[in-house]
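User: I'm new to this structure and would like to go through it by asking questions. Could you take me through it step by step?

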Amino acid sequence: MTILVTGGAGFIGSNFVLDWLAQSDEPVVNLDKLTYAGNLENLRGLEGDARHVFVRADIGDQERVAQLLAEYRPRAILNFAAESHVDRSILGPGEFIQTNIVGTFNLLEAARAYWGGLEGDARQAFRFLHVSTDEVYGSLEAQAPAFTEQHRYEPNSPYSASKAASDHLVRAYHHTYGMPVLTTNCSNNYGPYHFPEKLIPLVIHNALSGKALPIYGDGQQIRDWLYVKDHCSAIRRVLEAGVLGETYNVGGWNEKANLDVVHTLCAILDELQPRADAQSYETQITFVKDRPGHDKRYAIDAGKLERELGWKPAETFDTGIRKTVQWYLANPGWVQNITSGNYRNWVEKQYA
């Protein structure tokens, strides 16, 4: 048997592929468009591994996806592919509409045709698992209860609106066509292989480079932080035992203000790799103008996943964030490589 993972060279997708093959011999066909955040360096440890087949392709290319499905006959499709950075969606929403909405539609169409041609046990076993975000639920007031799966959708950015639309498409394909779908909505992920435009990897990279640590507004925006490997284990559990058509929220039970996260990162860096001048990295913190429509608080209630499927995170924020800093300190060339023009040039030559 085989699974098809889309977006498997991105942050969460590549962590999932690595974790899957560390625990299973079931092969993975990994489809990724290799946009700026898709990084084959994440998958270097799988070079020469026959269980991993990488294909550079777009989920919006329905014909190419159909060819892959016919060739590899996967028992499941796990859709991680998405444009995901809110700031970029504000500056250029078009790519988010194209990938997250149109791309998901084309992927669903290819999957529906493939599933429709399956018979017997193969048809019964097939799953389409769609990975989404808590940002579709909008913003919470300080004392409001955390998002449950029944919370209405109130997206506030082009990114979250495009993900909300993709969630609705997945739901509709289940209710209209009977497709065996599952949806997960996760909180903010962090961990190894995170592209350095998001808060945690950006702060680590800038701190070590002697650059400013930019904090939007007053830094009191609250997020629920989920260690990426915990997210991967939750997805495996939902794929294994999730009820068809259901949505499962995945969170870390770790609400933290952005400024508190940055202070924690600085303290760990002060301990593990002190500045040459013995000053704290906190001296590099700089407050900048808040971004438009910045959601104040996200919080995930992952109780359904624990009650029904027995999943809960293995990492606390303290253990997960320390592991994350240690990984970046142990892999100093990774950020340099993926942000350099040399890597992008290599990708284009490799897949010309």
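## A walk through the model

User: Let's start with Y193: is it buried or exposed?
Analyst: This is a predicted model, so keep in mind that everything here is computed from it. The relative accessible area of Y193 is 19%, and the cut-off for buried is under 20%. So Y193 counts as buried.

User: Where does Y193 sit, and what is its phi?
Analyst: Y193 is placed in the loop between strand 7 (188-190) and helix 7 (199-209). Most residues other than glycine have a negative phi. Y193 is not a glycine, yet its phi is positive, at about 70°.

User: R73 has a positive phi too, I hear; in which loop is it?
Analyst: R73 isn't a glycine either, and its phi is about 50°. At 47% relative accessibility it counts as partly exposed. As for its place, R73 is in the loop between helix 2 and strand 4.

User: Now the sheet: in what order do the strands come?
Analyst: There are 7 strands in it, forming an open sheet with parallel pairing. Strand 3 (52-56) and strand 10 (247-250) each have a single partner strand, so they stand at the edges, with one side of each left without a neighbour in the sheet. From one strand to the next the twist averages 20°. Reading across, the order is 3-2-1-4-5-6-10.

User: In strand 6, which residue is the bridge partner of T133?
Analyst: Strand 5 (residues 127-133) and strand 6 (residues 181-186) run parallel and are joined by 6 bridges. T133 has its bridge partner in strand 6, and that partner is C186.

User: What angle does helix 4 make with strand 5?
Analyst: Helix 4 (residues 94-116) packs on the sheet. It touches strand 1 (3-6), strand 4 (76-79) and strand 5. Between the direction of helix 4 and that of strand 5, the angle is about 165°.

User: On to charges: how many salt bridges are there in the whole structure?
Analyst: Side chains of Lys or Arg count here when a nitrogen lies within 4 Å of a carboxyl oxygen of Asp or Glu. Searching the whole structure on that basis gives a total of 18.

User: What does the salt bridge between K33 and D58 tie together?
Analyst: The N to O distance in this salt bridge is 3.5 Å. K33 counts as partly exposed at 35% relative accessibility, and so does D58 at 26%. K33 lies in the loop between strand 2 and strand 3 and D58 in the loop between strand 3 and helix 2, so the pair ties together parts of the chain whose separation in sequence is 25 residues.

User: Which element gives the most to the lining of the second largest pocket?
Analyst: That pocket has a volume of about 350 Å³. Of its 19 lining residues, the closest to the centre are E149, Y153, R171, G245 and T247. Strand 6 supplies at least two residues of the lining, but the top contributor, with 6 residues, is helix 6.

User: Last one: how much space lies in the largest cavity?
Analyst: The whole structure has 1 cavity of 30 Å³ or more. Residues lining the largest cavity include V86, E135, N156, R291, H294 and Y298. The space in it comes to about 50 Å³.

How values were computed
Residues are numbered from 1 along each chain as its sequence is written. This is a predicted model: local features need pLDDT of at least 70, side-chain atom pairs count only at pLDDT 80 or more; totals for chains, interfaces and linings use all residues. Side-chain values use heavy atoms; hydrogens and water are left out. Two strands pair if DSSP finds at least two bridges between them. Helices (H or I, at least four residues) and strands (E, at least two) are DSSP runs, numbered from the N terminus. Axes are lines fitted to C-alpha atoms, for helices over the stretch in contact, and angles run from 0 to 180 degrees between N-to-C directions. Contact means heavy atoms within 4.5 Å. Buried means under 20% relative accessible area, exposed over 50%, partly exposed in between (1.4 Å probe, protein chains only). On a 1 Å grid over the protein atoms alone, a cavity is a set of points where a 1.4 Å probe fits but cannot get out, and a pocket is an open set with protein on both sides within 12 Å along at least five of seven lines; lining residues have an atom within 4 Å of a point. Grid points are joined across faces, edges and corners, and a volume is the space filled by probe spheres set on the points.
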